[in-house]
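Please consult the sequence and coordinates shown here.

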Amino acid sequence: MATTTKKSGFTSAGSKVSYQPEQKFDNKKMRHYMEGKTFVLHCHHYATLFTQLACDARDLGGTELLTEASCETFYEVLCDYFKKHKVSDTTDRIAIAEQYYGYVGMGTIEFNFGDKEGFAVMEHSHIDEGWKKKWGQKEEPVNFIGIGYIQAAWGAVFNKKPETCNVEETQSIVCGSSNSRFTINW
Amino acid sequence: MAIDRSQVISQLSQIKIKGDSNGMVPAFGVLVQQLPANFWNSFSEKILDAAGDALYDDAEGLLENAAAECGYHTGYGIITSEEFNSVVGPMIENKPEDILHGAYGVFTAWGWANAEITELVPGEKMVVRAYDYYESDVKNPKKPFAYMIRGVSRAFMDLAYSDPYPKGFGKFKCEQTKAIEKGDKYGEFVVTKA
């Protein structure tokens, strides 16, 4: 659980839903599916090297492109899940968005959405801890995939265009903090 | 060949992974995550588009290298894991060739690609054929797009024939000679010494 003072707002508190995806292996195509979408296992080397590539290509908009790919992908994942499983309650949607992140191994995340702004806290982060494991601490935040996920979650939870919310990482595990924090504005 | 590929795939494809109470998956000596394949394809397409003609080759190299490092480290974790040893271990007669064949069984079982070795000259050359792979989902790429298979394949040859882990990385190279995403019936990957 995130050790943070919660403002009043929409959170997952009180929700009783549980993220339970349908998973299957197609032994003809040899593909794994989660909720009908092909998924693959990869390691922190792969994820952090993609992130490093995005950083190296910053002049080409690399970090924004990584966030964009994340946002587009996870927005579809969450919207499809909400639709298929008839998850319409805001609290439940936030709970699913939090649980999905941990289920797929990206860490823990807690959301708190107010009227015009909100925040998210990660006590654990695959990207940050993977980066530290591979290269050690870094002065700047690197969780561009996480930023995209937060945009996607906000958009899916509130039926908004995800790219219309601005997310900024203000504190990072990769920089030595005990958790990562993100501000969300729309 | 001693490796029963269908048995390896049948058993190892059933392994289900999910995050622990910290939302993390520490396994095979690395941190693992399971994301939609579309995410990886999407970023690869976007960064190659942004790179343009001038930087296209550089971007390709970095995408392939990400997979190679992944394949080298995670591959080592896999072939030294309890799961691998319990399923593939009893089938191994010739090292490291049978380990390589077994590794492609895992490669397939985990959904990276339906791929197998079709030619192997120990220490010199390996040809891999992939009948389906998620990178082939990309529509109309400018060039063959299976950077993940390319990188992982050369990394597997490093694990088999280069200096012992972790000092043997980068001694092989891989060329994709056929591509489903370019209209071929299967993908083909030729690994030779760098």
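The text below treats the helix pair and then the sheet.

The model is predicted: local features need pLDDT of at least 70 and side-chain atom pairs count only at pLDDT 80 or more, while totals for chains, interfaces and linings use all residues. Residues are numbered from 1 along each chain as its sequence is written, with chains lettered from A and ligands numbered from 1 in the order in which they are written.

The crossing of H1(A) past H2(B) is right-handed. In the contact (C-beta atoms, placed from the backbone, within 7 Å), H1(A) contributes residues including Tyr46(A), Leu49(A) and Phe50(A), and H2(B) residues including Phe43(B), Glu69(B) and His73(B). The residues of this contact divide into 10 nonpolar, 4 polar and 1 charged.

Chain A also holds an open sheet of 4 strands, ordered E4-E5-E7-E6 with antiparallel pairing (strands are DSSP runs of at least two residues; a pair needs at least two bridges). E4(A) and E6(A) stand at the edges, each with a single partner strand, so one side of each is left without a neighbour in the sheet. Neighbouring strands are turned by 20° against each other on average, direction ignored. E4(A) and E5(A) run antiparallel and are joined by 4 bridges; Phe113(A) has Gly118(A) in E5(A) as its bridge partner.

| E4(A) | 110-113 |
| E5(A) | 117-122 |
| E6(A) | 166-171 |

Terms used: Left-handed = near helix turned anticlockwise from the far one by under 90°. Contact = placed C-beta atoms within 7 Å. Nonpolar A, V, L, I, M, F, W, Y, C, P; charged D, E, K, R; others polar. Axes fitted to C-alpha atoms, helices over the stretch in contact; angles between N-to-C directions.
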